[in-house]
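Please look over the sequence and the fold first. A short report on selected parts follows.

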Amino acid sequence: MRVAFQGEKGAYSEEAIYKHYKTDAVSVPRPYLKDVFDAVEAGEADYGMVPVENTIQGSIVRAYDLLNERGVKASGEEIHRISHCLIAHPDAELADIKKAYSHPQALGQSREWLEKHGIEAVNFYDTAGSVKWIKENDVKDAAGVASAQAAETYGMKILAKGIETNPENYTRFIEIGYKEPEPTGVDKTILAFIVQHRPGTLVGALKEFSERGVNLEKIESRPRVGKPWEYIFFIEIAGHIKDDVILEALEGLKDHTLYLKHLGSYSRA
């Protein structure tokens, strides 16, 4: 089974793949999130594993946008503990490090530790990619902020472990693909919709769930491209698209919306 992810070998997304599929997966690295969706749609990967939310940095909104724009659906979920390491050249010591390269989210999660040690945070396209770059360029006065797996993958040295500010640091990933799992009784559903432009339409739309006892677990709004000050709402609800109560709620939701799309139903992690 081929599973695409954003980043280089050793990225947290790759760790989430092996956690989710155990040994039954071959990871397929891609540079950007959109490339993960492209790989699945082109048949270059059977599934994709993409981050959608972090307990410290919040939602990865680009993932929701792509899920709405593309034909694949969310079909699974994995929650992965994120523990950042400061990783450097094997010959480097902590006193040598002047800069730390990593993805902006990883740097944000580790900012207090880096500031305490006088290390400048520098944005990079990927966590594991920063470690790969340091190795390939034989850099000894800078480090990457990435996973312990990245250090092992590239044969680099861990100078410090657990440098994230908050230990309750988890990222939620969703599996994307063309599989449509059957209900399990512990499911989640993601929907995207645009409400009609009348007073109270959003409240009315959400009441279709609350009046039926359906738990609303998350709501996110995103700008509607080409329509200034209009928004697409993404919601995650408890239940499966095939549950009778969800089907009833969606029928009611149609009375309040101009656009409605099912983005996937799956068993919760």
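## Asp141 and its surroundings

Leaving aside neighbours within four places in sequence, Asp141 is in contact with Asp96, Ile97, Lys98 and Lys99. Contact here means heavy atoms within 4.5 Å. Asp141 sits in the loop between H5 and E9. Helices (H or I, at least four residues) and strands (E, at least two) are DSSP runs, numbered from the N terminus. Asp141 has a relative accessible area of 44%, so it counts as partly exposed. The cut-offs are under 20% relative accessible area for buried, over 50% for exposed, and partly exposed in between (1.4 Å probe, protein chains only). Asp141 and Lys161 are 20 residues apart in sequence, and their C-alpha atoms are 18 Å apart in space.

## Basis of the model

This is a predicted model: local features need pLDDT of at least 70, side-chain atom pairs count only at pLDDT 80 or more, and totals for chains, interfaces and linings use all residues. Residues are numbered from 1 along each chain as its sequence is written, and side-chain values use heavy atoms, with hydrogens and water left out.

## The five-stranded sheet

Five strands make an open sheet with mixed pairing, in the order E8-E7-E9-E6-E10. Its edges are strand E8 (120-123) and strand E10 (157-161), each of which pairs on one side only. On average, neighbouring strands of this sheet are turned by 30° against each other, direction ignored. Two strands pair if DSSP finds at least two bridges between them.

Strand E6 (residues 85-88) runs antiparallel to E10, and four bridges join them. Ile87 stands opposite Ile158 in E10. Helix H5 (residues 127-136) lies across E6, strand E7 (99-102) and strand E9 (142-146). H5 runs at about 150° to E9. Axes are lines fitted to C-alpha atoms, for helices over the stretch in contact, and angles run from 0 to 180 degrees between N-to-C directions.

Strand E11 (residues 170-177) is mostly covered, with seven of its eight residues buried. Strand E3 (residues 47-54) pairs with E11 in the antiparallel sense over six bridges. Glu53 has Arg172 in E11 as its bridge partner. Strand E5 (residues 73-81) is also antiparallel to E11, joined by eight bridges. Here Glu77 stands opposite Ile174.

The Glu175 side chain makes a polar contact with the side chain of Ser75 (2.4 Å). A polar contact is a pair of N or O atoms within 3.5 Å; within protein, one must be able to donate a hydrogen and the other to accept it, and residues adjacent in sequence count only if both atoms are side-chain atoms. Not counting residues up to four places away in sequence, Glu175 touches several others, including His20, Tyr21, Tyr47 and Lys73.

In helix H1 (residues 12-21), the buried residues are Tyr12, Ser13, Glu14, Ala16, Ile17 and Tyr21. Lys22 follows H1 and has a positive phi, near 60°.

The axes of helix H7 (residues 201-210) and helix H8 (residues 244-253) come within 8 Å and cross at roughly 165°. H7 and H8 are therefore roughly antiparallel. Angles under 35 degrees count as roughly parallel, over 145 as roughly antiparallel, 65 to 115 as roughly perpendicular and the rest as oblique. Ala205, Glu208 and Phe209 of H7 make the contact with Ala249, Leu250, Gly252 and Leu253 of H8.
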